[in-house]
Amino acid sequence: MLLQAIKFQPVKMDRFKYIFSILFVILTSLACFGQEKGNKQDEDLYAPIEDKEPLVLKGIKVGVNVGRVTDFFFKPERRSTEVSLDFNLSNKYFGVVEGGISETSMIKENYWYDSEGSYIKVGMDFNMLKKYPTDYFGIGIRIGKADFKHSASHIIFEDSHWIADPIAVDSKSYNTYWLEASFGLKGELIKNVYFGWSALVRIGVSGRKDAQFQPYEIPGFGKGANSINLGATYYIYYQIPFNKNK
Amino acid sequence: MKFSVYILIITLFALIYSCSDDTCNADTDTLLNIEFTVNDTNLTNIDFMDNLSLYSTQWSDSIHYSEEGSNEILSLMLSPNSDTSEIIITSVNAGLKDTLTIISQRELIFYSPECGFITNYFIDTLFYSINYIDSIAITSYQISTSKDGQVQIYF
């Protein structure tokens, strides 16, 4: 029996697709700063540009992402927690450290899936409010990193021809990095207790892809298959006050 | 400002709730479409196409063009368990068979909790016998939920 073969000739791919996303975030952030400077009609809402007061640490907010409560109803297979530390510098700049853990376990008819991991985000928030110095309305940027692992077993494809042979994938570990831009609000509900939300855009930088077993959901980042994920967080904070006299 | 906070909170919660769905509504098939073109008059005289069937030693059954094919095309899934998918082409009145051996790269993807896993493929190499086959062209190497693979076989 004679045989012939056709082989795919690979084409070299580059990574230009990431450059656009990163430029988008940088340019969007710059555009927001430019807006603050040039729009004099909104002076009551936006903070003045020229302010020579030294930055003073006015409080630390400790927050819990209460939005994760919705998992109990809508994603019962996932258990996750996210907390935040927010360093208030003169009510204008906020150093932010956020972190969380996430665990997913699903046993379905045609697959079993498990994942667990943690993440940390470090960045800054910039308050654009002048009128409500204890509240916050502004934009933020973060760098995020997730460490997680996932595994699957009993995967069955319901195809009518191939003999069903359950597939298992051993546990694999990943490190994922992303950039995050946000805008949001924080308002003081009662003394030193704040509620706030943020709308987020997360842009994957590295570690999202696996040619053999694509991660489904990356802790802190969202769907692994997407280069860009949108999201929202809902926080309740307690502000530990100090430097009140300054 | 606080009024707007409440409005936006409600709006965003509503958006999150509306995203919830427990059923798999997506098309998760990842198929290779094989198009047959019979130019050999000896084969057309024996109704080669109408009696064409595909099978594999790893299948529990066969695919018959008369039942599942149309427009000279048959669709099938490559092996989800192996990088090598061997498909045998036969026809009732043909004395010989041809064999396709498709070597592919597989990508296992957890599509969604509702739909489970899918396998995307990338055809790397295709070996084929030339008992009746004259030539083969691969017009789409990628096989995913959004794009079927395409192979044209000329007899």
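At 16% relative accessibility, Asn91(A) counts as buried, a term applied to residues under 20% relative accessible area, with exposed meaning over 50% and partly exposed in between (1.4 Å probe, protein chains only). The model is predicted, and local features need pLDDT of at least 70, side-chain atom pairs count only at pLDDT 80 or more, and totals for chains, interfaces and linings use all residues. Residues are numbered from 1 along each chain as its sequence is written, chains are lettered from A and ligands numbered from 1 in the order in which they are written, and side-chain values use heavy atoms, with hydrogens and water left out.

Asn91(A) lies in the loop between S3 and S4 of chain A, and although Asn91(A) is not a glycine, its phi is positive, at about 60 degrees. Ser90(A) is found in the loop between strand S3 (78–89) and strand S4 (93–107) of chain A, where strands (E, at least two residues) and helices (H or I, at least four residues) are DSSP runs numbered from the N terminus. Ser90(A) also has a positive phi, near 60 degrees, and is buried, with a relative accessible area of 13%. Most residues other than glycine have a negative phi.

The contact between the chains, defined by heavy atoms within 4.5 Å, takes 43 residues from chain A and 55 residues from chain B. The area buried between chain A and chain B, which is the accessible area (1.4 Å probe) that two parts lose on being put together, summed over both, is about 4400 Å², with carbon and sulfur atoms giving 68% of it. In chain A, Ile6(A), His161(A) and Trp162(A) lose the most area to chain B, together 21% of what that side buries. Across this interface the rule finds zero salt bridges, a salt bridge being a side-chain nitrogen of Lys or Arg within 4 Å of a carboxyl oxygen of Asp or Glu.

The two chains are also joined through strands, which pair if DSSP finds at least two bridges between them. Two bridges join S9(A) to strand S6 (residues 98–112) of chain B, and these strands run parallel, with Phe213(A) standing opposite Leu108(B) in S6(B).

Chain B itself contains three helices and 10 strands, which follow the pattern α-β-α-β-β-α-β-β-β-β-β-β-β along the sequence. Of the 155 residues in chain B, 44% are buried, and among its contacts with a separation of 6 or more, 53% are between residues 24 or more positions apart.
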